[in-house]
There are 4 protein chains.
Amino acid sequence: MTAPREATRDRILEAAEHVFADKGYHDALVDEVATATALSKGGVYFHFPSKEDLFFAVVDRLADRLISKVERESSTQPTAIGRAEAALTAVFSALGKRRRLARLLMVQGYSMGNAFERKRVELFGRFASLIRQRLDEASAAGEIPPVDTTIVAHIWLGAINELVIRWLYSGEPAPMEALPILRSVLVEGTRASHAGRVAGEAGNG
Amino acid sequence: MTAPREATRDRILEAAEHVFADKGYHDALVDEVATATALSKGGVYFHFPSKEDLFFAVVDRLADRLISKVERESSTQPTAIGRAEAALTAVFSALGKRRRLARLLMVQGYSMGNAFERKRVELFGRFASLIRQRLDEASAAGEIPPVDTTIVAHIWLGAINELVIRWLYSGEPAPMEALPILRSVLVEGTRASHAGRVAGEAGNG
Amino acid sequence: MTAPREATRDRILEAAEHVFADKGYHDALVDEVATATALSKGGVYFHFPSKEDLFFAVVDRLADRLISKVERESSTQPTAIGRAEAALTAVFSALGKRRRLARLLMVQGYSMGNAFERKRVELFGRFASLIRQRLDEASAAGEIPPVDTTIVAHIWLGAINELVIRWLYSGEPAPMEALPILRSVLVEGTRASHAGRVAGEAGNG
Amino acid sequence: MTAPREATRDRILEAAEHVFADKGYHDALVDEVATATALSKGGVYFHFPSKEDLFFAVVDRLADRLISKVERESSTQPTAIGRAEAALTAVFSALGKRRRLARLLMVQGYSMGNAFERKRVELFGRFASLIRQRLDEASAAGEIPPVDTTIVAHIWLGAINELVIRWLYSGEPAPMEALPILRSVLVEGTRASHAGRVAGEAGNG
DNA sequence: GATGAATGAGCCTTCATTCAT
DNA sequence: GATGAATGAAGGCTCATTCAT
């Protein structure tokens, strides 16, 4: 009944998502987005003030969706560490299923200049927060040691990121293959973590 | 005896390293590199066939140095896992001490198009190999479980990468602060790793 | 009786006068006029067929008012040359009191292309006519020599124009300061004018 | 012997002079200048950083030449007022002989925005100075009353400007026809000038 | 009368790359 | 080895104008 207003804006976003994911920010042409939306270049500029704004809108939309999804999927676990692990799994699987999503969120735009660097910090900060919150709960519940959960969250996120990028570029290993190891290393590592010396140095101490 | 041939080439590489690190690949102009080298644009092109080649030469030189350094520093530990950990430490500290190095190796060029993506795979592959070799030794020595060391190496590398980038952009946390946690989580996680189920799900099983 | 029809048209004209005076023809956007009128772009186009037409309408309205005012103020003098001088004074003072008027009538649009050049001729022609008519009367009354009053009128107008523009851009001299000199030079010059040789050449003759 | 360097720059300037005079600043395309110079667009930009800079360079060159010419031609008269009049004649004739010169110097660019307005002030200031200096000498020599020569110089310039523009647009009157009247009115007017009341008001006093 | 989304033609500017000297 | 003028292929963005509602 209620007519979907802003339909054009969404169509542009949709088209831009494809174009940016395929070509990368620099090689993507506003003209291509326009064509893919069956719109003129001016039409695109009516809805977005610049190519950069358009790119950010695409990325934000994607991030919002991913975060909702992850929050939804990770909230059903009974234990806090279970929810943390579920968040890890959810992020990794979501990215592992959609190359476009992965490319846009993990790879693009690093070298767009300062504007994007700020965006990257924001974006990864949001993702890390997802994980950190669960880790905080786990820490409060005594399920993991009292570590700096922000750092640990970024460790988790970085590991995810690297495995996703590697899969993106080399096709290996398939995310579903890597996931058990990823979970095992990060979860056990977090559980066993401490700020003291480890490994080879133990014998020296 | 042998006069320092290729002096100009090195001067260009040096200048380019600064320019690329400051501006990023796209915003760096060949003209700026030329000016910084007290050379004309044509002079730069005499030594490097293209801007892209120049960029890759810069990155390769940096990577070679980093890898030598890491190999040197990580070979003195008595245990294999100790050497792995030392590699982790060496990579992380080296990047944590030189923003320029970090920016060039970790951040730049992701969105340069396919050419760079291949380079990124190669580059990170080399870094991951450094770690993987040590893990393989550790695995052979029974110091860690028999896991897929390639995946684990990328997990380690991804964690390093993320913490470095975060430090680069937000200034926090200082690498030396983050390092103990990083080591602890990754080393213990690797030691305790297995491909089975973990965490919250344990209770469910 | 008759309700104020055309109220919107006048509001547009009013808004356009401000916008054109502030920004100049090229830098003024139809959108700005619309916004300033609390109208949409389409609304403006309903009342004026094009930006150029709108501009001309603004200028014409202003010119009409100025001419009426000048005619009114210059008709009370007893002598013809007095009326001519009063016209000079009236034009100069009117422009000297309203920067917006001055900017729009004297400065804008010269380089708008051929369309405006025709307008400029028309506009300045009308102003010159104001002066010329008085000069014709003065000439007929024997108050000034029988010169080409069209040329003299343009001389007067050009002098006014330049002093107004200079005041507009540099703020100096204030019109009321310049006026006595302007009047003196032009009126006496016209009275003493002849088509023969003058000045330094007099001694040579 | 000495090869004329900067030949290309001059060719661009020459071509730009024609294009700007024909089309006006806004309607002139950098592409047209390039084509007319048998150069690529980039070639033009190698020599001039922007279209605006190019335009200013054209205008400055023209103004320099005009000023030299006027100074040369007006310096031979024995009396100061004769030299002033000769400057008037020289400016007016020079403009009256070359439409392109006249269009570029007198008409173009008024509505280019603030950048050009400043240029206009500078340009007309230079021309007015030419005249003012002669008037100052005449004033010092007692050949004309002690008036504000800056204002009088702008009156002269304004009159010239208007007659030139009118000729440009309507073709009438031919500069050589208008010149005697122009000289007569301005020179006699300046000689007879005073800051008191004149004309019709004399009878009222 | 009025809206505002959409058009579309166009223009300035950038810059990696080349090549005659 | 090096210069630097010149190329040329884009590409982002603007804005007067239109028209279905």
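This report describes a predicted model of protein chains with DNA strands, going from the fold of chain A to ring pairs, a loop residue and the DNA surfaces.

## Fold of chain A

Chain A contains ten helices and zero strands, so that, in the order of the DSSP runs counted from the N terminus, its elements read α-α-α-α-α-α-α-α-α-α. Of the 205 residues in this chain, 57% are buried. The accessible surface of chain A amounts to about 8300 Å², and carbon and sulfur atoms account for 51% of that area.

The contacts of chain A can also be sorted by separation in sequence. When contacts between residues at least 6 apart in sequence are considered, 69% of them join residues that are at least 24 apart.

## Aromatic pairs

Over all chains, a search of the whole structure finds 20 aromatic pairs. One of these is formed by Tyr25(A) and Phe55(A), whose ring centres are 5.2 Å apart and whose planes stand at 75°, so the pair is edge-to-face. Because Tyr25(A) belongs to helix α1 (residues 7-27) of chain A and Phe55(A) to helix α4 (residues 51-74) of chain A, the pair ties together parts that are 30 residues apart in sequence. Both partners are classed by their relative accessibility: Tyr25(A), at 9%, counts as buried, and Phe55(A), at 0%, counts as buried as well.

In chain B, the rings of Phe20(B) and Tyr25(B) have centres 5.8 Å apart and planes at 15°, so this pair is stacked. Phe20(B) is buried, with a relative accessibility of 1%, and Tyr25(B) is buried with a relative accessibility of 9%. Back in chain A, ring pairs join Phe20(A), Tyr25(A), Phe55(A) and Phe56(A) into a cluster, and this cluster includes both members of the edge-to-face pair described above.

## Charges over rings

Two arginines are placed over phenylalanine rings. In chain C, the charged end of Arg120(C) sits over the ring of Phe124(C), at 3.5 Å from the ring centre. In chain D, Arg120(D) lies over the face of Phe124(D), and the distance to the ring centre is 3.5 Å.

## Ser193(D) and its surroundings

Ser193(D) is found in the loop of chain D that runs between α9 (175-192) and α10 (200-204). Its relative accessible area is 5%, and Ser193(D) is therefore buried, the limit for that class being under 20%. A polar atom of the Ser193(D) side chain lies 2.9 Å from the backbone oxygen of Thr190(D).

Once neighbours within four places in sequence are set aside, the residues in contact with Ser193(D) come from chains C and D, namely Ser184(C), Val185(C), Pro145(D) and Val147(D).

Among the atoms of DNA strand F within 4 Å of the protein, 66% belong to sugar or phosphate, and the rest belong to bases.

A polar side-chain atom of Lys41(A) is 2.6 Å from a base nitrogen of DNA strand F, while a polar side-chain atom of Lys41(C) is 3.0 Å from a base oxygen of DNA strand F. On the phosphate side, a polar backbone atom of Ser40(D) is 2.7 Å from a phosphate oxygen of DNA strand F.

## The surface near DNA strand E

DNA strand E is surrounded by 30 residues, and the closest are Phe46(A), His47(A), Tyr45(B), Ser40(C) and Tyr45(D). Here too, α3 of chain A, α3 of chain B, α3 of chain C and α3 of chain D each supply at least two residues of the nearby surface. Of the atoms of DNA strand E within 4 Å of the protein, 64% are sugar or phosphate atoms, and the rest are base atoms.

Phosphate oxygens of DNA strand E are approached by a polar side-chain atom of His47(C), at 2.7 Å, and by an N or O atom in the side chain of Lys51(D), at 2.7 Å.

Conventions:
Residues are numbered from 1 along each chain as its sequence is written. Chains are lettered from A and ligands numbered from 1 in the order in which they are written. This is a predicted model: local features need pLDDT of at least 70, side-chain atom pairs count only at pLDDT 80 or more; totals for chains, interfaces and linings use all residues. Side-chain values use heavy atoms; hydrogens and water are left out. Helices (H or I, at least four residues) and strands (E, at least two) are DSSP runs, numbered from the N terminus. Buried means under 20% relative accessible area, exposed over 50%, partly exposed in between (1.4 Å probe, protein chains only). Contact means heavy atoms within 4.5 Å. Accessible areas come from the Shrake-Rupley method with a 1.4 Å probe; for residues, only the protein chains shown count as cover. Rings of Phe, Tyr and Trp (its six-membered ring) pair if their centres lie within 6.5 Å; planes under 30 degrees apart count as stacked, over 60 as edge-to-face and the rest as tilted. A charge sits over a ring if NZ of Lys or CZ of Arg is within 6 Å of the ring centre and within 35 degrees of the ring normal. A polar contact is a pair of N or O atoms within 3.5 Å; within protein, one must be able to donate a hydrogen and the other to accept it, and residues adjacent in sequence count only if both atoms are side-chain atoms. A residue is near a molecule or strand if one of its heavy atoms lies within 4 Å of it.
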